[in-house]
Amino acid sequence: MSADSLTPQTLPQWLLHNAANHSDEVAQRYKRNGIWQEFSWADVRDEVRELALGLRARGVQRSQTVVLMSENRPELYWAEWAAQAIGAKVVALYPDATEAEVDYVLKDAQAVCVFAEDQEQVDKVMPLMSRHAGMHTVVWWESGGLWSYRHEGLFGWDDFKALAQPIAAEDALWFEQAIHQGQSQDIALLLYTSGTTGEPKGVITTHASLLHNAERIGQTLQLPPGCEYLSYIPLSWATEQWVGVTLGLIRPMRVSFAERPDQIQEAIRELACEMVFFGPRQWESLAARVHARMLDAPPWRQRVVDWGLHIGRLARSEQMDTARRPWWVRLLLPLADALVLRPLRDQLGLLRARIVFTGGAAVAPDIFRLFAAMGVMLRNVYGCSEFGLITVHQGEQANPETIGHLALLPSAWGEPMQWRLAPTGGLELRGGTGFAGYWGKPEKSAEKMNGEWFQTGDAVGQGPNETELIYYDRVEHMSCLKGGHTFSKQFIEVRLRFSPYIREVMVVGDPSRECVTALVNIDGDVFGRWAELQGVSFTTFTDLSQRPEILTQVASEIAQVNRTLPEAARITHFVNLPKELDADEGELTRTRKLKRDFIEQRYGCLIEAMYANQAKTAIEIPIRYQDGRSGVLRADVAVGRIPQLSLQEN
Amino acid sequence: MTQAQQHLPMLEARDITLKFGGVTALANISIDIGHQELVALIGPNGAGKSSLLNVLSGFYRPSEGSVRFEGKNIGRWPVHLVAQAGLARTFQGTHLLPHMSVLDNIMVGRYMHMKSSLTTAFFYYPFAHREELAHRAVAEEILSFLELEHLRHHPVGTLGYGMRKRVDLGRALAMEPRMLLLDEPMAGMNVEEKEDLARFILDIRESRQIPVVLVEHDMGVVMDIADRVIVLNFGRKIADASPAVVQQDQQVIAAYLGVHA
């Protein structure tokens, strides 16, 4: 509970607070008709008031559920705040949710009212209305295609707001009074989990939890008030609820909305957003765009860009490694910045971006470094809808291997936050506003708790410094060694595949083994060129894979990844496979996933050689040629050892 | 509009005959188009579909017969007056300005409604400024209706064929017509583009409540969306009925399949 009883306790109370203290400041912007239309905090409050009175006119009660189905736009925010103003809770669905998903949520959350953006969404909801007894109202705000729809519970935006007028005339203060009845422990949202494991579950999210998380994000990032933010992450994600909706209110920020979902890139550039959040795939596609545009440019311009990025890499590699920057790089950086790096940032809309996030999955270090060279530092952020924000990269440096620094700051909300690692390697948390449970599923909620501790189910490790965490895998996907140590094959393989020299890799280790080993399928093309440059002669792939120089290079790539691993989970031995893994021979699936059992059996003698600590071994593998003939590949395979890291290196 | 006018057809063409020298392109054709009707004009190649559309929109003068639009005999009016009367059309292929942006092309459709002269526009008088804003607002509405917002500033010449046809339609809509004539709007489109355009045509009829006359070859589209189908063959009208009836008509089948009826 907040110590200061005067500070707002719910989101709608914050809205009133802003409308009183920042009434003329721009709260939201929406690009319509090619122009950014502005809404002040007073405008937003008036819109929310009309909607709230409309909801009351339709008989929506405190603690009932209102569902939102729309792309991000101001009306979506207004509808959420209006529902919360009258004490109702909100469920936001993905705009592309299927009818079955909508059906499930309407039933599970006992929805009474739906805000649907357009015909597409209305068409999903209307057939379901008769199936859900409590559902009585659907409101749309994009009339396209809906001109001839008639239903007693279906309202256009303007008609719905018109419902408010009689109440506004009769009881002018009702809206403010309803908001002041709100308490921080009221349920603000149900955030539905993706349901990859079983049915989706609605995570109960109170106003206190939203405010607590937004406060922590604001504190760790030191965002200035009035900061520019573009809202495009779906509201069904906790991230957007914490940042766009809640932090936007309490900082306050200027939250903008693009004209169409496919106009986000243009909108980011026009607004020069200070805070940008993309998933790894989006960062990759931005990087790919830079490369693609460069291919169209004349050769001299390509060389200038390459040079600028090279200087940027040298100058800013400090953020990645501890390499020292040479003096001439310091001298050239301003020139490179003016000629190449700044225009690149401008083209990508990152000119003013100070706080730039990625999350959800690992970003390749190359992508991290490319943006770092441009002067844009990507920060990882990690959290879960049940417990809130857990880690985020803070300060001036971000290590791409970790998911960031723990963000368990002391605050006025609840007990101090604490974390610990369970014996399984799983991360457990307590304190703060905590986990309030799943809606209507007490037994599922109980499964997540270990006494007072909340189990995230994510296996993590500690990074190079105490306060940073490394994400490995879900606990149930972790593998176990003889000594009881756990490790994630997936984690190690993904990291090793980021190396340009390694095409495929399979990590081996199970409860009968004492250490972790790897079967490496080197990238023949890359190593072929590398060998030419180094003056290393070779004949076939088999020959190339066993050259000592190449074994050394692979060993150093593995040693890099080993640094991020706990001692017991480090790779000790590896072999370079004498042939490439091939889907035609059943070693990979058609989507290039490893067929572990088959590979383990086929290359069993190599695995035994590694665990027996032999220097080399001979192997015979039956192979099938493309023309149908079969043959036998005989090769001597060397076993590579990874030098143990000293403590300093760690 | 009075009650009586509501019952009259909006457009009446009576006994239209069109001759080019010795060739009779259209012979004694009479058609009515009612309020809010979606009428398809079909027929084999050379049947006279485009000629009839050109007569209705004033591009050709009929050799005989009359065209009445909302009670006015427009049969011999010049094209620009027909357009001002509220009849807008699109062309086979596209007649757009390729180097101008999508927005500017649609603004061209507003020309008819603009009052400021070259001088007042050049010196940007306050009223010219206000007028520009009002027209831009209408153009933006059309952009959003046709889902072209993201291409607003793209030159039309860089767009694909399907998109250009959509811009063409947008320009016709910008005239705020009371009746829309579309000449083969879907020719050369793929299935997805056709579906989009069919949706837009239905939406136009529904949101603006105006009649739409459409020359089209794609029978699937015609049968799906038209209220009424008029079939021409060698300059004569051989059928004028609902899609279901027309599909069963022996004369129509003969005209399309070349069988002697």
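This is a predicted model: local features need pLDDT of at least 70, side-chain atom pairs count only at pLDDT 80 or more; totals for chains, interfaces and linings use all residues.
Residues are numbered from 1 along each chain as its sequence is written, with chains lettered from A and ligands numbered from 1 in the order in which they are written. Local features need pLDDT of at least 70 and side-chain atom pairs count only at pLDDT 80 or more, while totals for chains, interfaces and linings use all residues.

**View 1. Helix α2 of chain B.** Seven of the eight residues of α2(B), residues 49-56, are buried (20 or more other C-beta atoms within 10 Å of the residue's own, C-beta atoms being placed from the backbone). Among them are B:Leu52, B:Leu53, B:Val55 and B:Leu56. B:Gly58 follows the helix and has a positive phi, near 90 degrees.

**View 2. The two domains of chain B.** Domain 1 covers 1-86 + 182-261 and domain 2 covers 98-176, with bounds from an automatic or database domain assignment. Their centres, taken over C-alpha atoms, are 27 Å apart. Nine residues of domain 1 are in contact with nine of domain 2 (C-beta atoms within 7 Å). On the domain 1 side, α3 (79-85) and α8 (191-208) each supply at least two residues; the largest share, four residues, comes from α8(B).

**View 3. Helices α17 and α20 of chain A.** α17(A) (residues 489-497) packs on α20(A) (residues 548-562) at about 130 degrees, with axes 10 Å apart. A:Ile492, A:Arg495 and A:Leu496 of α17(A) meet A:Glu557, A:Ile558 and A:Val561 of α20(A).

Conventions:
A residue is buried if 20 or more other C-beta atoms lie within 10 Å of its own, exposed if 12 or fewer, and partly exposed in between; C-beta atoms are placed from the backbone. Two residues are in contact if their C-beta atoms, placed from the backbone, lie within 7 Å. Axes are lines fitted to C-alpha atoms, for helices over the stretch in contact, and angles run from 0 to 180 degrees between N-to-C directions.
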